[in-house]
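This report is meant to be read with the sequence and the model side by side. Please keep both in view while going through the sections.

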2 protein chains.
Amino acid sequence: MSISERKKKILAAVVDEYVRTAEPVGSKAIASKAGLGCSSATIRNELAELVSLGYLEQPHTSAGRVPTPMGYRMYVNELMEKQRLSLEETEDINRRMNQKLRELDDTINDVSRLASQLTDYPALALTTRTAVTIKRFDIIYVDANTFIIVVMLSDNTVKNKLVKLPVSVDQKLVQRLSALFNSGFTGITEEAVTPLLINSTERAADDTMGVTSVIAAFAIEVLTEAQTPTASISGENRLLSQPEFRDPDKAHRLMGYLSGGGYILPPEESMEEAGEIKVLIGPENVAEELKDSSVVIATYDAGDNTKGMIGVVGPTRMDYSAVAAKLSILAAGLSRRLGSGEAPPEGMHNKLIIKGDTGNE
Amino acid sequence: MSISERKKKILAAVVDEYVRTAEPVGSKAIASKAGLGCSSATIRNELAELVSLGYLEQPHTSAGRVPTPMGYRMYVNELMEKQRLSLEETEDINRRMNQKLRELDDTINDVSRLASQLTDYPALALTTRTAVTIKRFDIIYVDANTFIIVVMLSDNTVKNKLVKLPVSVDQKLVQRLSALFNSGFTGITEEAVTPLLINSTERAADDTMGVTSVIAAFAIEVLTEAQTPTASISGENRLLSQPEFRDPDKAHRLMGYLSGGGYILPPEESMEEAGEIKVLIGPENVAEELKDSSVVIATYDAGDNTKGMIGVVGPTRMDYSAVAAKLSILAAGLSRRLGSGEAPPEGMHNKLIIKGDTGNE
DNA sequence: GTTGGCACTCTTTCCTTTCGAGTGCTAATA
DNA sequence: TATTAGCACTCGAAAGGAAAGAGTGCCAAC
């Protein structure tokens, strides 16, 4: 069901104003602001209709209007001006990103912190990783009790571990093991690391001291860890600067949820195409704790079939357009660096496709 | 200047009660509680004197008494019952620590999180590292454009980096470089990595493609990073459950300070002997933001001349004895795992030496 | 030195009043 | 028919005031 042009303008004005001031907005304010040449009385009529349509609500008779989640949805889907950041801002973001990025692992923290700084909301970053295998397996002999395991994974991350044994091993054994692991344990996923495989490796290496199992344990650990989604949240405290979280209990509850690594997105629909931005408004969130907050999430391509997400959590009264624009730049930057290379080049303003929950009604 | 036994008991009772309830405590409450057989009127007289001595204060005439920082100081230095945790609690802490610990690097986050969980206050963990050198240098050849640098440091941490080059290198060169770095760059500190050294290595390796400088840059990076103190803070949101931080602005300010990695301790006196616990009460803190909070810090031995600290930040009304006891166990556990081995064995209750700021007046 | 008693103080809480922003409606107007 | 001006009305927020209660300080008695 569609609504008149003027209603749309008014709705947009209400949202803009409310986002700015956090106060219910009255008919006068709109009349004096939006460029539609009509008086507050007319606006009042329109507002009343918007209320009955479900886009706005009144905290109480005789207060101004406040957008409902449905109102925000409409705003985000149709009315919002897709904000284009100025060249300076874009460059600033890219510069700050460049300073920070090394490899994915160290990155995820930095990225969420950066997102939080840019938007002034709490931010989270996460990767879901798809099946990972070991690409190379090396063991460096240090001394009779010590060696270093170095594992390179299919996503080109490298993990290492220093192993100190209570018993002495000779260098030959280590070399044998290194060779065996490098042939037997590469190219397989975690499930394929069976006790059978470990046993046969142990026998083949003529290892009587249980070194094999130590190494195998590390292999499993690395594979498991690499497949476990990692999440990082920063800037929870920024919530406190939002008027809707003046109530410490409310703030505490949400912050607790966030820093508990609470799952922000439902798993089924967790991953979008890289480059898209997803907005979940209030009750559209599955987690009870987020029912009156909103989440904006950008998906990026982290290479090797891996997608990652950066998102921002805030009150439903959130500056969706600014947040979406900034996240979009961040995500594009990440895709460019980490991804398999189909991302647009740095300078380019990307399209900013915004997807809703379902494009409801 | 010393005060009577009874005054001490009363002071202790005031602190205990205030810590528990967060409400100013009145004469009646003390009379009915502390085991001293005298009536509320007597207590009132004593309280009045404690106020004039500066150990207590009244928010206003006709409210109960609240300890001053000086009162807390007295309490911590002399009156506090050094809490001994039950065996179960101790074991619980140790178990939870065991689950988590791998190497120092991953640990620091886990430790601060654990400390925060245990005490229910925000916690921070940090290490200052002393001069670190490289102990071993290996380069693993992967393919013509790719190799892995593996560096083992004097503190037995291992770092690696995957290097992808735009040009092809041959395996021989990599081997030469590996050998050269392993002899030339080991045992030296960061400052000793001079352009001169890098140049001579480059020539010796007959490297015309600038590979040497890439590797040297990594060496420098690793050394620098290893010497940079790392800090980690968790559980900031727990502040919100403390009544003194019901004011969101206050909470926000402190949380902002904390998560900005604010320096909690003055550098000069930053490091104590491992095993000691240090308490900084209210205005004893140097940072303006902490002037009405307290900090409890335990120092642990992280091995290889490195000391680390775990600390907890809370309101001055803090359960010092419980926090100190828990941190002490944590610190001992860390020393045992990471340290050079003089820490007491696990089961043992350690002495819990508590040091003040200065043992003032 | 200790205790009971009592007047006094000061905050907290609750109630009432006032104020004002903003509405909804009606009647006039284009 | 759509818009506007005007006006009574509503309801929350802010301001004022009275009552309640906790706790003190001090005095006189023990």
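## Basis of the model

This is a predicted model, in which local features need pLDDT of at least 70 and side-chain atom pairs count only at pLDDT 80 or more, while totals for chains, interfaces and linings use all residues. Residues are numbered from 1 along each chain as its sequence is written, chains are lettered from A and ligands numbered from 1 in the order in which they are written, and side-chain values use heavy atoms, with hydrogens and water left out.

## Packing of α1 and α4 in chain A

Helix α1 (residues 5–21) of chain A packs against helix α4 (residues 69–79) of chain A at an angle of about 110 degrees, and their axes are 10 Å apart. Helices here are DSSP runs (H or I, at least four residues) numbered from the N terminus, and the axes are lines fitted to C-alpha atoms over the stretch in contact, with angles running from 0 to 180 degrees between N-to-C directions. α1(A) and α4(A) are therefore roughly perpendicular to each other, a term that covers angles of 65 to 115 degrees.

On the α1(A) side, K8(A), L11(A), A12(A), V15(A), D16(A) and Y18(A) meet G71(A), Y72(A), M74(A), Y75(A), E78(A) and L79(A) of α4(A), where contact means heavy atoms within 4.5 Å. By class, this contact has eight nonpolar, one polar and three charged residues; Ala, Val, Leu, Ile, Met, Phe, Trp, Tyr, Cys and Pro count as nonpolar, Asp, Glu, Lys and Arg as charged, and the others, Gly among them, as polar. E78(A) also forms a salt bridge with K8(A), the closest N and O atoms being 3.4 Å apart, where the term requires a side-chain nitrogen of Lys or Arg within 4 Å of a carboxyl oxygen of Asp or Glu. The pair links distant parts of the chain, with E78(A) in helix α4 and K8(A) in helix α1, 70 residues apart.

Of the 20 residues around DNA strand C, S27(A), R6(B), T42(B), R44(B) and S62(B) come nearest, and a residue counts as near if one of its heavy atoms lies within 4 Å of the strand. Sugar and phosphate account for 74% of the atoms of DNA strand C that come within 4 Å of the protein. The largest share of this surface, four residues, comes from α3(B).

S62(B), in turn, places a polar side-chain atom 2.8 Å from a base oxygen of DNA strand C.

## Surface near DNA strand D

DNA strand D is surrounded by 20 residues, of which R6(A), S39(A), T42(A), S62(A) and S27(B) are the closest. α3(A) gives the most to the surface near DNA strand D, with four residues.

A side-chain N or O atom of S27(B) is 2.7 Å from a phosphate oxygen of DNA strand D, whereas a side-chain N or O atom of R44(B) is 3.2 Å from a base nitrogen of DNA strand D.

## Positive phi angles

A22(A), which is not a glycine, has a positive phi of about 65 degrees and lies in the loop between α1 and α2 (27–33) of chain A. D206(A) has a positive phi near 60 degrees, and is found in the loop between α8 (195–205) and α9 (211–227) of chain A.

Technical notes. Helix = DSSP H or I, 4+ residues; strand = E, 2+ residues; numbered from the N terminus. Parallel < 35°, antiparallel > 145°, perpendicular 65-115°, else oblique. Polar contact = N/O pair within 3.5 Å; in protein donor to acceptor, adjacent residues only side chain to side chain.
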